[in-house]
Amino acid sequence: MDERITQDARHFIDSVSRFVKDECMPVEDSIEETGRLPEALVRTMRDMGLFGLRIPSEYGGAGMNLLDYCYVLKELSKSHDAIRAIMSVNNGIGSMAIVNEGTEEQKRHYLPLLASGEYIASFALTEPGAGSDASALTTMAERTEKGWVLNGMKHFITNAPIADIFTVIALTDKEKRAKGGISAFLVDKGSRGLRIGNVHSTMGGKGWLQAEVIFEDCLVPDAGLLGMPGSGFRIAMKTLNEGRLSAAASAIGIGERLLSMGVEYAKLRKQFGKPIAEFEAIQWMLADSATELYAADRMLADTASRFDHGEDIRTHSSMTKLFATEAAFRVADRVLQLHGGMGFMKETKIERLFRDIRAYRIFEGTSEIQRFMIARELLKD
Amino acid sequence: MKILVTIKRVSDPEAKLKIRPDGTGIQTEGVKFVVNPFDEIAVEEALRIKEKHTGEVVVVSIGDKVVTEQIRAALAMGVDRGIFVNYTGSYDSYDVAGILAKVVEQEQPDIIILGKQAVDDDMGQAGFMLAEMLGYPQAAFASKVEISDDKKTAKVTREIDGGLETKEVGLPCIITADLRLNTPRYASLPNIMKAKQKPVKEVTVDALGAVVKPHVTIKKLTEPPKRKGGVKVESVQDLVGKLKNEAKVL
Ligand SMILES: Cc1cc2nc3c(=O)[nH]c(=O)nc-3n(C[C@H](O)[C@H](O)[C@H](O)COP(=O)(O)OP(=O)(O)OC[C@H]3O[C@@H](n4cnc5c(N)ncnc54)[C@H](O)[C@@H]3O)c2cc1C
Ligand SMILES: Cc1cc2nc3c(=O)[nH]c(=O)nc-3n(C[C@H](O)[C@H](O)[C@H](O)COP(=O)(O)OP(=O)(O)OC[C@H]3O[C@@H](n4cnc5c(N)ncnc54)[C@H](O)[C@@H]3O)c2cc1C
């Protein structure tokens, strides 16, 4: 384990690793079948403090640094993706904007609830017309005497059907747009004019939901504005910087699990009178996978640690997210391949991990957008 | 009430162990060490008793400095404080019981819970010997523990060969924890952080007034003999024949 990871975190990672093996793995098939996380499992996660790892201790969290957090997340991702998803939004994109920009009142109100897992968070940026180009969003927030009135629609929003609090990014000035015309808001579940639309039916990611979020003259009091008016785009981008690293961490965790399944199977499965691990074709698949995961892991540790030392990690987090998620997908494909027909069968779980890992190349910025941002930084004058 | 729990540092039961070439022990390089799983169950039970009846849970571990890692692990589960008996020489179960008896004399706990055995050497003797030395009642292999409301007795269900036996013992008493007593909790991050502030007292065997004089010494460790490959039998008759004539078990 990386020597920069604190002793406390190592201890906790051991605890998480046992939790994954003893409690999560036995229920992962049933999560996949029912699309639900067992209540007892979520309760244990709350008792372990998993929902508030990144939230500062004065607000009921554990105040973990990003490096330690990423390695907890990596471990927790080795079971079903829904287990990772339910806690990672509270620790990441669903709370970071409040931690970074919230007023004392907003922090006191929301952060303890998010840290304990009593509240589930959601982050609503993407719209049908504004995906990769988030600045093209059209959800409007208009200033009135009573507060802000929101109109518009978001989609693909994780946790929306179960969320208690939404961080919503909306347009406050049509002319200025990303240059000071976008603002961030905190919208409570049950606010008048807030509605959850269709729940998307997805390729993978069973047990964690994406849905449409619809605003119809939804009134948000002045106290619901997050940060300064016009700072919403910057807030969203900063939130995603960190989010990218957690996506990378989870992808590496899934990749490592797949690789160990691949190694085990290659030693066990015999064809042509010997274990397939003795064929060079299989060896190269395993060797390439191990090498890529090692590289991704080192990028993750380096970038997270830079962040913890106050460096601007924009480009590094893009590179890490890009490489880790693409590598993990290649690992999934190879491990599925070396399982032959068994890899295609649900019983080995590999087809599920293959479907789940696929989403990582899309959310928190597609691979193309990461490359676009890396290149933009390289080419700027 | 005060509950004393003993914990031993053991190699991870899932680790693949190798014997050192000179046969004096196992190779410890790269092996992960954990709290003996039965002791972890003992800690959990103590915490549950404390949560129900209030009081204090203290853990004690014997060994060199590294065992404080396991003491910290117990503190992170919610134990109040630790006692680290610094001893680096060799010892046997009788010595362990002797050291623990001295700790009990100092601490005067109402209940002492041990794991039923340590998974490294599987001796399973310390609990019995400790009870004998102290003259305390004991209930070994517990699968259920209930403390009376007046905190004077414990009703303990034990796993015995034929089934279950329930007995009542007066406090103070010795209990050893079996596998099905409970499922230990996971250390939460806040508790791991709090554990650092909790006191761990270091004592020596001499200061306790214990005498270590092993009756048992390990001469040599060897790998179990390699199993010969099996054979496939053609029929049930074949199998019965082999069990009768070759294995001689029928
Ligand atoms: C499982 C899942 C969970 C999600 N959760 C959330 C959430 O909680 N909150 C939220 O706000 N959003 C969420 N999203 C949305 C996600 O962030 C977007 O899907 C993502 O940003 C891509 O946007 P898009 O889907 O509109 O694709 P588009 O932007 O339409 O992209 C289509 C294709 O064009 C490519 N492309 C676009 N622009 C360029 C360019 N300039 N150069 C090269 N290629 C380009 C893209 O890479 C992609 O391949 C989630 C998505 C998924 C799949
Ligand atoms: C959807 C589907 C439909 C199918 N339908 C039928 C059907 O109708 N009838 C039928 O009879 N079968 C069917 N099959 C079985 C299919 O033909 C086998 O799955 C396939 O031949 C591979 O065999 P295997 O699954 O046993 O994998 P294995 O042979 O165990 O292969 C495991 C891995 O080892 C590799 N490998 C094996 N030997 C070597 C070597 N010498 N050198 C390098 N690499 C090696 C393989 O490429 C693979 O990556 C079907 C399979 C699927 C997935």
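User: In which hand does α1(A) pass α4(A)?

Analyst: A crossing is left-handed if the near helix is turned anticlockwise from the far one by less than a right angle, and right-handed if clockwise. In this predicted model, α1(A) passes α4(A) in a right-handed crossing. Helices (H or I, at least four residues) and strands (E, at least two) are DSSP runs, numbered from the N terminus. Residues are numbered from 1 along each chain as written, and chains are lettered from A and ligands numbered from 1 in the order in which they are written. Local features need pLDDT of at least 70 and side-chain atom pairs count only at pLDDT 80 or more, while totals for chains, interfaces and linings use all residues of this predicted model.

User: At what angle do the axes of α1(A) and α4(A) cross?

Analyst: Axes are lines fitted to C-alpha atoms, for helices over the stretch in contact, with angles from 0 to 180 degrees between N-to-C directions. The axes of α1 (residues 7-24) and α4 (residues 66-76) of chain A come within 9 Å and cross at roughly 15°. The two helices are therefore roughly parallel (angles under 35 degrees).

User: Which residues of α1(A) and α4(A) meet?

Analyst: Contact requires C-beta atoms, placed from the backbone, within 7 Å. From α1(A), A:Ala9, A:Phe12, A:Ile13, A:Val16, A:Ser17 and A:Val20 meet A:Asp68, A:Tyr71, A:Val72, A:Glu75 and A:Leu76 of α4(A). By class, this contact has eight nonpolar, one polar and two charged residues; Ala, Val, Leu, Ile, Met, Phe, Trp, Tyr, Cys and Pro count as nonpolar, Asp, Glu, Lys and Arg as charged, and the others, Gly among them, as polar.

User: In what order do the strands of the open sheet in chain B run?

Analyst: Two strands pair if DSSP finds at least two bridges between them. The nine strands run β9-β8-β7-β10-β6-β1-β4-β5-β11 in chain B, with mixed pairing. At the edges are β9 (163-170) and β11 (200-204) of chain B, each pairing on one side only. Within the sheet, β1 (residues 2-6) and β6 (residues 111-115) of chain B pair in the parallel sense over three bridges; B:Ile3 has B:Ile111 as its bridge partner in β6(B).

User: Which residues come nearest to ligand 2?

Analyst: A residue is near a molecule if its C-beta atom, placed from the backbone, lies within 6 Å of it. Of the 13 residues around ligand 2, A:Phe279, A:Ala281, A:Gly340, A:Gly341 and A:Phe344 come nearest. The largest share of this shell, three residues, comes from α11(A). By class, the shell has eight nonpolar, four polar and one charged residues.

Notes
Parallel < 35°, antiparallel > 145°, perpendicular 65-115°, else oblique. Contact = placed C-beta atoms within 7 Å.
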